[in-house]
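This report describes the fold of a single protein chain, with attention to its sheets, the helices packed on them and the surface. The chain is shown below.

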Amino acid sequence: MNFRKESKGYCSWQLVLVGLVLFMTQTAQAQVLGNRRFATSNLASSTFSWADPKEYEIADIEVSGSQFYDGASMINISGLQRGDKIKVPGDAVATAIRKIMDQGILEEVEIYASKVEGEKIWLQIVLKERPRLYAINYVGIRKGEQESLSEKVKTYKGKIITETLKKNLELAIRKYYQEKGRLNVKTKSTIRVDTLRGNNATLVVNIDKGEKVKVHKIILDGIDEKSRGLILRKIKNTKQVRFGRIFKPSKFVPKKWDEDKTKLLDAMNKLGFRDFQIKSDSISKVDQKSVDLYIKLVQGKKYYYRNINFEGNYIYPDSVLNMVLGIKKGDVYNTEELDKKLQGNPGDDLSSVYMDNGYLYYNAEPVESAIEGDSIDLTIRISEGKQATINKVILNGNTKTSDHVVMREIRTLPGQKFNKSAIIRTVRELSTIGYFNPEKITPNPQPRPDGTVDIEYNVEEKPSDQIELSGGWGGYIGFVGTLGVVFNNFSAKNLTNWSAWRPLPAGDGQKLSVRFQANGAAYQNYSLTFTEPWLGGKKPNSFSISLNRSVSYPYQFRTTGYGGYGSGLGGYGGGYGGYGSYGGYGGYGGYGGYGMSAYSVPDSLLDAHFNVNSITFSLGKRLKWPDDYFSLSNSLAFAQYDVDRYYTWAYPQGKSTSITLMTNFSRNSIDNPTFPRMGSSFSLNASLTPPYSLMGGNKDGSLIEYHKWMFDASWFTPLLGKLILHTRAHLGFLGSYGGAPTTRFERFDLGGSGMVQGFSFNRDIVGLRGYKDRVIGPSGSYGNGGVAYNKFVMEARYPVSLNPSATIFVLGFAEGGNNFASMSDYNPFNLYKSAGFGARIFMPAFGMIGIDYGFAFDKPRPGDSDFGRQAFTFSIGQQIR
């Protein structure tokens, strides 16, 4: 006898009714009760009758038909146990089936009597499992949509296919299309069992997307006609059909409509409409493609501030609090702006006045004390509380960086009064050192019963070391490879502690940078830099030392066989010979009548070279005046240039020596070094050599002398949401003493990405997107370089991902700049202009990587086929200029 329950369900009255019918039609071989059947293996000797149920003892229970579920678990769920006494037929078997089916994981359950001996019975539970979802096939949509949907519903795969699962999956699909304005989307799913994959099945979903539904009209009820246009403008994402509407489509998306109604309330409240309400709204179907939206409003009056009074303030008088609050009689009543002025603008709000002076428990509650006509009197009730002193500072999460490195950046120290602005400044400082994820730095003040407060800072380490492995074309010298590593959190004191090498000792906040750049034997550059940001460990006085060696044999490039030498310009003996399309020098003429094809360089010039050796020492300190965002650094640099038979750009032959004092005065209040949202940075740099010519020396010209001034400014301003405006200005001037000729070194090159591969000849390389590298300047200044330049940039930036492992943002830019051969030619309004867009990705191991597409509006080299333009530029690292 067999009891079976199918997935369609059952009810008790059906079981009784069908049981009575089947009782009258039973046979000696098998009896079926309801939609269950109880069969016996010894049919000749045993019969079971509802009219005469008998009691049996369960001798054993077996489970079959299950691939994924444990048999013992199913027996426990059934409630039947060995040794139990049950009546057959009876409720015990039906109850057992119901308990198993209630789990929702099986399609069918059957219970058989496999054996009966006397008063003992052997039971067998046979299970038929529901199929599991292996794949989803979509019918009626494009491949791109299928991929998007698969991403939306990927969590359903591998689960048991039930009616609930099918309904939820279809609901997710319909919701996906409704959010795209297709309100009439229809779905129907069928199960296709795959016999080759066991109990797995494919769900075939037929999708009829229907037409996009647009908003025919938005009908506003309860407002005056003058306010209609204002309210429609405040409904940002739901627009009615209008010819020429491009940027805001008129499709109807219920979710967006709900958001718009909430934002409309906020927007009207900010405009002073304190009593503004949405009484009701409805949707009316016009046809299959459009709907009308009805919205009933209560506009109310527009309110204004009248009198503002303070209660409970003893520390600060009303005059001080009114000045900080910044609200005047007659201003539009705006509760959101009021909240910001009370506690939403750190450093400029009312809470900062108290909390920056230790009043941690301060609280301000605005109360509308009177409403007359369109005027509101406001009373701000202040509870000042007691001053709180910092008991201790707790640091969590710095698994790599030493405690003392973090603690020296913290502005809230034990024994000081609680200071809200100091906590915010600490978060900024911890962000800028670059060791922690800026999005995960969280301060947590913890008040204590004794009136003091503990301040807990939670940080999350992020990878800060970087490796540079790149290659590029270095102008005429061809391919240049670069290998560099930067350890931004180095520990010099642990060099002898071998257990700290992972791969180098780290955690003390020092910086070690090693870089190698080469093109075989023709060009090589080595650099090593070490920086200690806290010399002595007690004050933020930095020290750094930098070593650099550059070796280049320019004329060896004639043997490399690079194509494109002097395309169309080769062998020009009176000026530039063959800087054609950057294929390489086709011949450089001009200086001293030296003109020859690059392929005709004699062997005697193969060892001609341009070598540079330099060492720089720097000391810097943070300043407290004009404010503590300022810093000052001084550097002393020694450099020797060895030029032998290299006549390009008229560099002086032989050895030249440069002794330079550099001073940098800067201010930096940027909140985040990777993706700044606010703040600014300014830098004024002066590089001065001794004025040998004014002192009657330097007759042979072997001592390099000049004065050089550089100014860089950068601002970050939030525009809307995460959209950030970044504006920059850069200026540079190079001069000489006493009317002496300006040195050939230290000049400016402008154009391209701002990166240089190969020879830089101690130049400042400034980028200008949309143009080729180093191409901007008056005729003939390409090789000479400029002695004055300016550049102005405006960017709009938007973050795609702020994940510290891969920070990504996109940008649009407009910029202009120029490079001038002499100060008399300088004109800040004579600019080469470009505009375009780009993207940046910051990965801790490689730093900032950028690509830009720029359109150049001007032609710096009219004689070239591309006019000196270059659409794509690539960059590595944070570009200062």
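Strands β15 and β16 (residues 375-383) run antiparallel and are joined by nine bridges. Within this pairing, Glu365 stands opposite Arg381 in β16. The coordinates are those of a predicted model.

Both strands belong to an open sheet of three strands, ordered β14-β16-β15, whose pairing is mixed. Its edge strands, β14 (304-311) and β15 (363-372), each pair on one side only. Neighbouring strands in this sheet are turned against each other by 25° on average, with direction ignored. Helix α8 (residues 318-325) packs on the sheet and touches β14 and β16. Helix α9 (residues 335-343) also packs there, touching β14, β15 and β16.

A further open sheet of three strands has the order β11-β13-β12, again with mixed pairing. Here β11 (214-221) and β12 (277-287) stand at the edges; each has a single partner strand, so one side of each is left without a neighbour in the sheet. From one strand to the next, the twist averages 20°. β12 pairs with strand β13 (residues 290-298) in the antiparallel sense over nine bridges, and Tyr294 in β13 is the bridge partner of Ser282. Helix α6 (residues 225-234) lies across β11 and β13, while helix α7 (residues 254-270) lies across β12 and β13.

| Helix | Reference strand | Angle between directions |
|---|---|---|
| α6 (225-234) | β11 | about 135° |
| α7 (254-270) | β12 | about 150° |
| α8 (318-325) | β14 | about 135° |
| α9 (335-343) | β15 | about 145° |

For the protein chain as a whole, the secondary structure comes to 13 helices and 37 strands. Of its 881 residues, 43% are buried. Among contacts with a separation of 6 or more, 60% are between residues 24 or more positions apart. The accessible surface comes to about 43500 Å², and carbon and sulfur atoms account for 55% of that area.

Which residues form a nonpolar patch on the surface? The patch consists of Ile467, Leu483, Phe516, Tyr526, Phe846, Ile849 and Ile876, which together have about 540 Å² of accessible area. One of its members, Tyr526, lies in strand β23 (residues 523-532).

How values were computed. Residues are numbered from 1 along each chain as its sequence is written. This is a predicted model: local features need pLDDT of at least 70, side-chain atom pairs count only at pLDDT 80 or more; totals for chains, interfaces and linings use all residues. Side-chain values use heavy atoms; hydrogens and water are left out. Patches are made of residues with over 30% relative accessible area and no salt bridge: like charges are joined within 9 Å, nonpolar side chains (Val, Leu, Ile, Met, Phe, Trp, Tyr) within 5 Å. Accessible areas come from the Shrake-Rupley method with a 1.4 Å probe; for residues, only the protein chains shown count as cover. A salt bridge is a side-chain nitrogen of Lys or Arg within 4 Å of a carboxyl oxygen of Asp or Glu. Helices (H or I, at least four residues) and strands (E, at least two) are DSSP runs, numbered from the N terminus. Two strands pair if DSSP finds at least two bridges between them. Axes are lines fitted to C-alpha atoms, for helices over the stretch in contact, and angles run from 0 to 180 degrees between N-to-C directions. Contact means heavy atoms within 4.5 Å. Buried means under 20% relative accessible area, exposed over 50%, partly exposed in between (1.4 Å probe, protein chains only).
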